[in-house]
Amino acid sequence: MKHAELIATWTGAVCTLAILSVLYRENRFYRFFEHVFIGLAAGYGLFVAWRDMLWGEWWKPLAHEGKWYLIIPALVALLYYTVYSKKHAWMSRVLIVTLFGLGAGMAFQGFAAQAGPQISSSFKPLWGNGLTPMQILNNLVFMITLVCVLTYFFFAFKQDRALVRQPAKVGRWLLMIAFGATFGSTVMARFSLFIDRMQFLLGEWLHLLK
Amino acid sequence: MLEWTIRLQTIDRRIIYGLVIGLIVLALLWDFPLPQAVSPEAQSLYETIESLPKNKLVVIAADWGAATRGECAPLTAAVVTHLFRNKRPFAIIGFAAQGPELTTAIVQKQAKEFGAKYGKDWCNWGYKVSIDSTLLSLAESIRRTIPQDVEGTKLDDVPLMKRVKGIDDVGLLVEFTGSGTLEAFLRRLPRSVKIAQGCTAVVGPEQYPYIDSGQLCGLLVGMKGAAEYEHLLGIRAQGTAAMRPQSLAHLLIIVLIILGNLGMYAAAKQGRDLKRKGEAAT
């Protein structure tokens, strides 16, 4: 193994063990490496933003290709920093509201493309069209879930009548089942991350895995 | 006996951690076989790549970082193996700073095995900020949005990009992510571009409605998704190896939940007994 790889593997192993040491108790070793990771991520983000975005799309055309007008967006972006001056803070607000407006407009435009197919696919057939009994059952469960959960979220009127109260109650139970599934999935995710680290420690560091 | 059962509610967390670590290490060292079922969502992604026209570009959106490497790396590796095996050209783009770099490391490792070359079989568009506006612009013009690759080569000079004129030449976009970034792709890309996703198990349940509506053509969820895809490819890599400890750890959690509930019922029973005795004494 090359020296660089060896150093990288040992560094990775020490960092992993340091972070995992919090499982026993909070300690300085863990705290130090936590700060190292945060600093690394922030510094790396800055470097990549410069290399992949700013250098090629802004600095290179501005400084090497004579596109001097690209200084304008940079000056406009600098208005953000006027937020630190009470007298000039209004300038940053102009920029912020412009971006808010832009974001809201884009969200509105994109909503139909995102939610449209969701709405149309909510209408599922319950008979005919050569559906198998399993598909019919599946669609029925979907329809009951949709109606009951939507009923639970009707807050415009009191849910005291049986016709509304019972579906709303079923809706709440179905939501709980969905949250349970999500939590189970989260447990799986956390274990996956831990298993990955154990695979690294046992495999790449200690060479115990095939 | 009752006192002992009540104590099951308050097992020291370090004992639980010790059990989990011991079980995971054991399952990693002991290579026992486990059956692997393939979900229809994983099968669908596999078939989409198999049936993709040769002239279409695949885009890999690497929207993940070191924090979700455990799940996203094996997912990415499995799909990249499929793309290299079928000689499908692909480009990497990322809306998370670390994504393209971590994906490049996976791709470079596999490129050696498959004899693939940068520029001819794959290229890296790099990290881009602001997902919505970048995708909006990408749908209009790839070259205006990404004038050069991560190495500073103009896109026109990258061999595999010569036949890619616009977004219509992109056949499939596969996003790997640990967060809810999928909606931006659904909002901004035309329906001609098929979209699939490999995501962490945390965000997995939220993505299934998009499979039902046909907005996603495939979905791989967490380490299990990676294992399913490796099964389809006929390989045994990180995802498959992780299924043994994953399954045992889940069994342990189920046992602990049962024990915790037994403790809770025992405590409730003791409370009722004490109340009854108190009432009888008065």
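**Two chains, held against the definitions**

Read along the sequence, chain A runs α-α-α-α-α-α. This is a predicted model, in which local features need pLDDT of at least 70 and side-chain atom pairs count only at pLDDT 80 or more, while totals for chains, interfaces and linings use all residues. Residues are numbered from 1 along each chain as its sequence is written, and chains are lettered from A and ligands numbered from 1 in the order in which they are written.

Q: How many helices and strands does chain A have?
A: Chain A has 6 helices and 0 strands.

Q: How do you know how chain A compares with a compact globule of 210 residues?
A: The test is the radius of gyration, taken over C-alpha atoms, against a globule rule of 2.2 Å times the number of residues to the power 0.38. A compact globule of 210 residues would have a value near 17 Å, but chain A has 28 Å. Its C-alpha trace spans about 65 × 60 × 40 Å along the principal axes.

Q: What makes L150(A) buried or exposed?
A: The count of other C-beta atoms, placed from the backbone, within 10 Å of its own decides: 20 or more is buried, 12 or fewer is exposed, and in between is partly exposed. L150(A) has 12, so it is exposed. L150(A) is found in helix α5 (residues 133–152) of chain A.

Q: Why does A178(A) count as it does, given its C-beta neighbours inside 10 Å?
A: A178(A) has 13 such neighbours and therefore counts as partly exposed. A178(A) lies in helix α6 of chain A. Over chain A, 6% of the 210 residues are buried.

Q: How do you know whether α2(A) is short of, or reaches, the span of a straight helix?
A: The expected span is 1.5 Å times one less than the number of residues. For the 36 residues of α2(A) a straight helix would reach 52 Å, but the end C-alpha atoms are only 46 Å apart. α2(A) also bends by about 65° at L54(A), the bend being the angle between axes fitted to the seven residues ending there and the seven starting there.

Q: What span should the 17 residues of α4(B) have, and what do its end C-alpha atoms give?
A: The rule gives 24 Å and the ends are 23 Å apart, which agrees. Of these 17 residues, 13 are buried, which leaves α4(B) mostly covered. Just after α4(B), K87(B) takes a positive phi of about 55°.

Q: Which residues touch the most other members of the largest nonpolar core?
A: A nonpolar core is a set of buried Ala, Val, Leu, Ile, Met, Phe, Trp, Tyr and Cys residues joined through C-beta atoms within 7 Å. In this core of 84 residues the answer is V59(B), A91(B), L173(B) and I195(B). Helix α4 (residues 69–85) of chain B gives the most to it, with 8 residues.

Q: How many residues does each chain give to the contact?
A: Two residues are in contact if their C-beta atoms, placed from the backbone, lie within 7 Å. Chain A gives 35 residues and chain B gives 43. On the side of chain A that touches chain B, the largest share, 16 residues, comes from α6(A).

Definitions and conventions:
Helix = DSSP H or I, 4+ residues; strand = E, 2+ residues; numbered from the N terminus.
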